[in-house]
Amino acid sequence: VSIRTQKLREELAAKGLDAFLVHDLLNVRYLSGFTGSHAALLVTANDIYLMTDFRYEEQVKDECPEVTLELLHDGRLSAALDLIRRLAPERVGFEGHAVTYRDWQALEEALSPVELIPLNDPIGRLRFVKDDSEVSAIREAARITDLTYDHIAGMLEPGLRERDVALEIDCFMRSSGADKEGFDSIVAAGPRSAMPHAQPTDRVIGSGELIVMDFGARWHGYHADITRTVLLGKPDDRQAEVYGIVLEAQSRAIEAVRPGVLGGEVDAIAREFIAERGFGEYFGHGLGHGLGLDVHDGRILARNSDILLQTGMVVTVEPGIYIPGWGGIRIEDDVLVTESGCELLTHSPRMLNLPTEDR
Ligand code: ZN
Ligand code: ZN
């Protein structure tokens, strides 16, 4: 935790800031270890103050030995105000993405003449590169996610509803040790698979239909994220063709992931391949995102992303082709950027058809 804070302090010093307010709860957790749902931090050159309410007094002692606790008696801003007045800094940074306009007005009014400077999520950018403990947590989340896919692939059969499958995914992840599901699990069959972020419904899954399943476990706060597209029975020619294109696009992109490459370049490799095969207009989202305390930890492998890949980043690679009225195919895996390239963290088999004879 202290190395993380040190990097932030270097950035604050370079910008001439005396202190930085942290309202984003994931950033609070990243710097302090605090896992509760109500807190803010004030980071100064020598201290970290954690502001929270009495429900968390014990938890702070347990989770955050390095912080100075400031107990709130009403809202979190008022405690920040008292604290800032007491420390009397001249320039205080805050998170432009996490402070509401109303709170900003209140801060400005109460703290004048302290200068308040919005920064563009400097902690979020530090979080792109994972340290060893974070990588271990993502590995565990990925292990549980793979285990879950194996379980689901073995129980899928015609007649189940999308929501039955989604519920089983969530139950299985939790009973296998996940904190919980990292995001709302997606199970979308038939033409509904053309919606990249479909919610599971009562729709009954039939043989020969594309089934997109996108889910991931969260373990100790860290996320995995996998998508498999399968069908029960035998794929027709078009299903097999489109699946092959998505799979090849993914392989080429994974092949290209290494330190020193721009995120946008990796995105372009998959995107151009899909376009060459004639499906360019059906791949409308970014190729992949960072993974960490957030399931979307940075738009790293996105179109035109100028984020330089570095050893220790963890990203998803998830090309897809979605054809309205026909269906969609997406394949998603998680990779760790290593010195020599990258390492796959998810290992579920990438295979379109699940045999049905023995069901
Ligand atoms: Zn996903
Ligand atoms: Zn994803």
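## Basis of the description

In this predicted model, local features need pLDDT of at least 70 and side-chain atom pairs count only at pLDDT 80 or more, while totals for chains, interfaces and linings use all residues. Residues are numbered from 1 along each chain as its sequence is written, chains are lettered from A and ligands numbered from 1 in the order in which they are written, and side-chain values use heavy atoms, with hydrogens and water left out.

## The zinc ion (ligand 1)

The zinc ion (ligand 1) is coordinated at 2.0 to 2.5 Å by D214 (OD), D214 (OD), D225 (OD) and E332 (OE). Donors are N, O and S atoms within 2.8 Å of the metal (3.2 Å for Na, K and Ca); water is not among the atoms, so sites may look incomplete. Four donors count as tetrahedral if all angles lie between 85 and 135 degrees; four count as square planar and six as octahedral if opposite donors are over 155 degrees apart and all others between 65 and 115; anything else is irregular.

Along the sequence, the donor residues of the zinc ion (ligand 1) are spaced D-x10-D-x106-E. D225 lies in the loop between strand 11 (222-223) and strand 12 (226-232), and E332 in the loop between strand 15 (327-330) and strand 16 (333-338), so the pair ties together parts that are 107 residues apart in sequence. Helices (H or I, at least four residues) and strands (E, at least two) are DSSP runs, numbered from the N terminus. D225 is buried, at a relative accessible area of 3%, and E332 is buried at 0%. Buried means under 20% relative accessible area, exposed over 50%, and partly exposed in between (1.4 Å probe, protein chains only).

## The zinc ion (ligand 2)

D225 (OD), H289 (NE2), E318 (OE) and E332 (OE) coordinate the zinc ion (ligand 2) at 2.1 to 2.2 Å. The site of the zinc ion (ligand 2) is irregular, with angles of 78 to 154° among its four donor atoms. The zinc ion (ligand 2) and the zinc ion (ligand 1) are 3.1 Å apart, and D225 coordinates both.

H289 lies in the loop between helix 10 (263-276) and strand 13 (314-317) and E332 in the loop between strand 15 and strand 16, so the pair ties together parts that are 43 residues apart in sequence. Both H289 and E332 are buried.

Four strands, in the order 8-9-12-18, form an open sheet with mixed pairing; two strands pair if DSSP finds at least two bridges between them. Strand 8 (186-189) and strand 18 (353-354) stand at the edges, each with a single partner strand, so one side of each is left without a neighbour in the sheet. Strand 12 and strand 18 run parallel and are joined by two bridges.

## Aromatic pairs

There are three aromatic pairs. Rings of Phe, Tyr and Trp (its six-membered ring) pair if their centres lie within 6.5 Å; planes under 30 degrees apart count as stacked, over 60 as edge-to-face and the rest as tilted. The rings of F34 and Y56 have centres 5.2 Å apart and planes at 90°, so the pair is edge-to-face. F34 is buried, with a relative accessible area of 1%, and Y56 is buried at 12%.

The pair of F279 and Y282 is tilted, at 6.4 Å centre to centre and 50° between the planes. F279 is buried, with a relative accessible area of 7%, whereas Y282 is partly exposed at 22%.
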